[in-house]
Structures are given as C-alpha cells and as structure tokens.
Amino acid sequence: MENAFTLIDRLESVHSLSLEEYEALILAQSDETAAYAAEKADRVRKEIFGNKIYVRGLIEISNICRNNCLYCGIRRSNGNCDRYRLTFDEILECCRQGHGYGFRTFVLQSGEGALDCDEICGLVKEIKSRFSDCAVTLSLGEFSYEEYRRMKEAGADRYLLRHETADEAHYASLHPDMKFENRMRCLKDLKSLGYQTGCGFMVGSPGQTAAALAKDLKFIETFSPEMCGIGPFIPQKDTPLGNEKSGSCGQTLYLLSLLRLIKPNLLLPSTTALGTIDPLGREKGVKAGANVVMPNLSPVRVRKKYALYDGKICTGDESAQCVGCLERRMNSIGFEISSERGDYEEIKKE
C-alpha cells in the first residue's frame with residue numbers, strides 16, 4: 001500500500017481510490033496528513049471558486065417527524081420535544097427577510113412527514129413566484145418518485161437527503177424503522193429527475209468504523225452528488241444514544257478535505273454541527289475545503305426546538321440577522337460571502 005501522502009496526491013490527480021485505499025487514508029489521519037490534504041483541498045477549491053463562500057438561508061419549518069432514528073432529538077418517540085410547525089405566512093416572511101439580507105437560496109428543512117406533497121408544491125410555487133431570482137432547496141426526507149417529480153415541476157431546484165452512512169449494517173443500527181435501499185432509491189430518483197442533489201454523512205457516529213467511512217467516500221465518488229453535507233455526530237440527551245461520545249472536529253475536517261479532492265467542484269458546506277463542536281469550526285471547515293455556509297433564517301422562537309443534537313448554536317453568528325458577523329468571520333480568514341445563487345456547475349474541459 002502506498003503511503004498516505006502518495007494516496008492524497010493520487011486522489012488529487014485522478015479523484016478515485018479503492019475502498020481499501022480510502023480506509024488506509026482514514027486510518028492514516030495525523031496532524032501532518034490532515035494539513036497536507038487541507039492545503040491541497042484549499043488550492044483546488046480556490047482554483048474553481050476563488051475566495052467565494054456561498055450563503056444559504058436555512059428555514060427549519062417543522063420538528064415533527066415520523067421516523068425514530070436513534071441519534072436524533074426530533075425522533076418520533078421523544079416526548080420531551082416541543083413540536084412546532086411554521087405557517088406558510090411565517091415561512092414566506094423568513095424568505096422575505098432573507099432576500100433582504102441578500103440571500104438567493106432558501107433551504108426548507110423539516111422532520112420527515114411534516115408536510116405532504118401538495119403542501120410542499122404549493123409552498124415552492126409561492127416562493128418562486130415572489131422571489132424569482134432565488135433557488136429553493138428542499139430537505140424534507142423520503143418521498144416517491146412521482147412526488148419528487150411534482151416538487152421539481154413546482155420549481156424546486158435542489159434536494160438534500162443525507163444518506164448518513166453508506167454501510168448498510170451500520171445504517172440499520174441507527175435507523176430501526178427505515179430501509180437503506182429506500183434511502184438510496186430516493187437519491188437515485190432525485191438525480192434522475194434533474195435536481196442538484198445533495199447527500200451526506202455523520203462522522204463518528206456510534207459503531208462507525210474506518211471501513212464504513214471508506215464506503216461513504218467511495219459512495220460520494222461513484223454517486224457524484226452536486227452537494228455533500230457532513231458533520232460530527234453530536235449526542236442528544238433525550239435519545240437512546242444520548243450518552244455516546246461525539247465525533248471529532250479533526251476527523252470531520254480531514255474528510256472535508258478528502259471530499260474536495262474526490263470532487264473538486266462539489267458544493268460543500270461547513271456545517272452548524274462543526275460550529276457547535278468547535279467555536280471556530282466553520283472557519284476551520286472553510287480552510288479545509290468547504291465553500292458553503294447556512295445561517296439560520298427560522299424565527300428565533302423556534303430555533304431551540306429544532307434540537308437534532310445538544311448544544312446546537314442558534315443565536316449570534318448562526319442567526320441570519322447577524323450575517324454581518326458571519327461575513328467578518330469569513331473575511332478574517334481571507335474569504336468573502338457571495339450573494340449569488342451558487343448553483344452547481346460542471347468543470348469546463350479545455
């Protein structure tokens with residue numbers, strides 16, 4: 001097996017490794033290999049995107065969920081979760097405010113089953129009619145092919161559906177009432193319908209091995225999503241995994257860099273979970289290769305209720321109202337906030 005630095009060089013060059021090589025790279029993480037990968041990822045990202053960081057306005061429209069994922073604070077069985085659902089008028093007001101701040105992408109996120117297809121289509125049509133220069137990203141869970149088709153026809157541009165883990169046995173251990181094959185079917189349906197499609201995975205979730213993470217990297221390589229969101233596992237006290245250890249910021253940053261080398265033009269967020277586990281997590285994520293941040297546009301009164309994990313940042317810089325603070329933080333590490341829609345673009349071959 002080649003050493004880690006040679007594998008990172010080859011990943012930068014050909015954007016592909018074997019499963020065994022990905023696993024070896026994960027096991028070879030050190031301060032030196034992480035710095036080497038981050039330096040390459042930063043250079044690759046700047047060649048394509050310059051110093052632009054795209055901003056998405058996140059609207060958490062409901063914490064009602066039909067699923068019972070063992071790690072999630074809004075799981076169906078959590079009786080301590082204070083449930084809410086924003087009205088359409090409240091969602092549109094979030095968009096109006098975000099548009100005023102200069103945001104040109106709105107990400108509508110909720111627990112699964114909180115809205116049905118008709119409601120989603122009506123909402124997307126209204127947002128697109130009022131804010132025609134904006135992109136709409138949906139992150140609302142699993143639906144049928146026909147329902148995804150209708151949402152696309154209503155005007156949805158992008159869809160985020162984190163696969164959480166590409167290892168089927170590990171997936172089953174975390175999602176007792178869900179099917180791995182259905183998750184993968186949904187992702188394939190979304191791509192076939194022409195969505196800019198996003199997936200993503202947790203880092204350091206209970207039971208995760210280096211071999212399982214290698215499957216995640218290989219899945220990103222072969223599925224080739226337009227977007228990929230990863231973040232460290234953070235426990236939530238009211239769940240069966242509430243006493244488990246968090247994933248690490250360092251491993252998440254290393255994997256961000258590897259993802260940038262796997263797919264240089266990937267839209268890659270520096271996530272809220274990174275900012276939660278480390279006060280400078282989002283800045284570190286950007287320096288490791290990320291190029292998207294998603295401040296929260298949700299009404300302040302509901303932000304703490306969308307508690308996927310403990311300690312989630314929901315005020316200050318995470319508040320969209322403090323986008324100026326976020327901009328200064330990005331400026332401090334040599335980047336600028338972009339008010340463009342920030343659509344995925346193929347790399348043009350010479």
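The questions and answers below go from the cavity to the sheet, then to one lysine and the aromatic rings.

Modeller: First, some ground rules: this is a predicted model, where local features need pLDDT of at least 70, side-chain atom pairs count only at pLDDT 80 or more, and totals for chains, interfaces and linings use all residues. Residues are numbered from 1 along each chain as its sequence is written, and side-chain values use heavy atoms, with hydrogens and water left out.

Colleague: What volume does the largest cavity have?

Modeller: A cavity is a set of points, on a 1 Å grid over the protein atoms alone, where a 1.4 Å probe fits but cannot get out. Points are joined across faces, edges and corners, and a volume is the space filled by probe spheres set on them. One cavity of 30 Å³ or more is counted. The volume of the largest cavity is about 990 Å³.

Colleague: Which strand gives the largest share of the lining of the largest cavity?

Modeller: Lining residues have an atom within 4 Å of a point, and there are 49 of them here, with Gln109, Ser139, Arg162, Glu164 and Leu308 nearest the centre. Strands are DSSP runs (E, at least two residues), and helices are runs of H or I with at least four, both numbered from the N terminus. Several elements supply at least two lining residues each, among them E2 (57-62), E4 (135-139) and helix H11 (272-277). The largest share, three residues, comes from E3.

Colleague: How many residues of that lining are charged?

Modeller: Asp, Glu, Lys and Arg count as charged; Ala, Val, Leu, Ile, Met, Phe, Trp, Tyr, Cys and Pro as nonpolar; the others, Gly among them, as polar. The lining has 27 nonpolar and twelve polar residues, and the charged ones number ten.

Colleague: Which residue in E5 is the bridge partner of Thr137?

Modeller: E4 and E5 (residues 158-160) pair in the parallel sense over two bridges. In E5, the partner of Thr137 is Arg158.

Colleague: Is Lys128 buried or exposed?

Modeller: Lys128 lies in helix H5 (residues 117-130). Its contacts (heavy atoms within 4.5 Å) include Asp157 and Arg341, leaving aside residues up to four places away in sequence. Buried means under 20% relative accessible area, exposed over 50%, and partly exposed in between (1.4 Å probe, protein chains only). At 19%, Lys128 is buried.

Colleague: Why is the pair of Phe5 and Tyr36 edge-to-face?

Modeller: Rings of Phe, Tyr and Trp (its six-membered ring) pair if their centres lie within 6.5 Å; planes under 30 degrees apart count as stacked, over 60 as edge-to-face and the rest as tilted. Nine aromatic pairs are counted. For Phe5 and Tyr36 the centres are 5.1 Å apart, and the pair is edge-to-face because the planes stand at 80°.

Colleague: What kind of pair do Phe219 and Phe223 form?

Modeller: Phe219 and Phe223 are four residues apart in helix H9 (residues 210-223), about one helical turn. Phe219 is buried at 13%, and Phe223 is buried at 12%. Their ring centres are 5.2 Å apart and their planes lie at 10°, so the pair is stacked.

Methods:
1 Å grid on protein atoms, 1.4 Å probe; cavity = no way out; pocket = protein on both sides within 12 Å on 5 of 7 lines; lining within 4 Å. Pairing = 2+ DSSP bridges.
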